[in-house]
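Hello,

Here is the structure for you to look over. My notes follow below it.

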Amino acid sequence: MAISIHFSIILFSLFSMLHFTFTFSHTIPLPRFPSSLVHPELQLSSDSAEKNLYKTKFFTQILDHFNYNPQSYQTFQQRYLINDTYWGGFKNKAPIFVYTGNEGDIEWFTQNTGFMFEKAPHFKALLVFIEHRFYGKSIPFGGNKEIAYANSSTLGYLSSTQALADYATLIIDLKKNLSASDSPVVVFGGSYGGMLAAWFRLKYPHVAIGALASSAPILHFMGVTSPYVFNNIITQDFRGVSENCYKVLKGSWKLIEDTFNKKGGPELLQKSFRICNNESDPGSLEGWLQTAWVYAAMTDYPTPSNFLNPMPAYPVREMCKAIDSSRGNNNNTLEKLYYAANIYYNYTGNVKCFDLNEDSDPHGLQEWQWQACTEMIMPLGGNNEESIFPESKWSYDDRSSYCQYAYNLTPRPHWITTEFGGHDIKKVLRRFASNIIFFNGLRDPWSGGGVLKNISKTIVAIVAKEGAHHVDLRFSTKEDPKWLKRIRKQEVKIIARWIKQYHEDL
């Protein structure tokens, strides 16, 4: 007799939530992304203004930095964006600020990293934003995604270590071409890009004099950080706003299941949540709601934003207002949940209905699935009885089984901590490392895997109680709170000290 095994897998990119529910006797659905269209936040809206932000260039990059077989010497075109408007030039040994690209289109991240653009005049810095291999337009194998993404033989060249070597190779070549060998390099990154920035400083200290690693969960790996931390922080974000809001969210999963199982329930769910078609099964709806709660907590910014979707300032607070409000039928909890989710999915009010199974990937994040099956084994999704999400345990075996099914490979759960460290981080880094800023906002669920305490005088943790995901790197606004302004000033002061010390040592 065949045994059917059923479980859910949630693979979190630092910017994408990929949720898989599958049974070994059936096919695996494609990953779901937020069902309303996602648009990058463009601080400058016109095409001409966008072009003034940066120029697009390409670098001929080697496929494999670590082996010497014939295929290793293949090359691909790696995209990078550059802005030399304020650069003081090589003669003045003016600095070069480099963004270490994330798991997606580099333009999206560039357009949301206003801190670098705003501080470039002060430092007379050249700005460079490098795209991560296998994302955006930096696709090996002739730029052909069908070949590059075909199987593990080609995807095997997608890894953090290859990406870091890409960045080092490009930076060294760029400095040579600019006759800027004496210009100091500072690397910047947020989220996975922040992890890469920190690791770059550790692995290539001869290339970069320092790193600003914003919301970089370098400790969020097996045996270092609990799988319950991520969702516990989300729970506290909502509970800290409203106890009633917390209770409604916590009880919503049973309500949805009970509603679906009663006569007329599926139709009621479809009507309540404005679902476009008849596919209102509990799994799809619950995944859709979880996405909204997770992303609202991650991007609980103090000012309106359009990073993932258009949202108001403090979206968690606004969601709880929708749940606590007497709007409409005061006893209709499903309606309240809909209005709360609407804060994330439809704040502009332009969407009339939602396709819960839409799998669009507007920022090209999907190849994180490969990284989440090889080296980036970040334990997430465990829920204790206090969580707003259904109680569950995170299982490495479930992740491994999925990766075997999808790619016919076994993850290497301890490779990242072997390659870059993570255990006893304070003792290890204070022995040899220097010049890293770790910023974390405690409202960001990724902060649970971040460095939250100073390691040494030059490895500094900046922590903001009210901060969200790499809020410090965003474009500034007149509405920014005082604490955020202070943090940015502190970061500028530290970076200036690095550059000053560098020039004194020449």
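Leucine 219 lies in the loop between β8 (210-214) and α8 (229-241). Helices here are DSSP runs of H or I with at least four residues, strands are E runs of at least two, and both are numbered from the N terminus.

What does leucine 219 contact, leaving aside neighbours within four places in sequence? The partners are Val224, Thr225, Gly422, Ile425, Gly449, Gly450 and Val451; contact means heavy atoms within 4.5 Å. Serine 447 is 228 residues away along the chain, yet 9.5 Å separates its C-alpha atom from that of leucine 219.

The model is predicted, so local features need pLDDT of at least 70 and side-chain atom pairs pLDDT 80 or more, while totals for chains, interfaces and linings use all residues. Residues are numbered from 1 along each chain as its sequence is written, and side-chain values use heavy atoms, without hydrogens or water.

Now the whole protein. It has 18 helices and 10 strands. Of its 506 residues, 59% count as buried. Among contacts between residues at least 6 apart in sequence, 72% join residues at least 24 apart.

The largest nonpolar core holds 153 residues. Such a core is a set of buried Ala, Val, Leu, Ile, Met, Phe, Trp, Tyr and Cys residues joined through side-chain atoms within 4.5 Å. Phe97, Trp199, Phe200, Phe238, Phe273 and Trp293 touch the most other members. Helix α11 (residues 282-298) gives the most to this core, with 10 residues.

Best wishes

Methods
Buried < 20%, exposed > 50% of the residue type's maximum accessible area, 1.4 Å probe, protein only.
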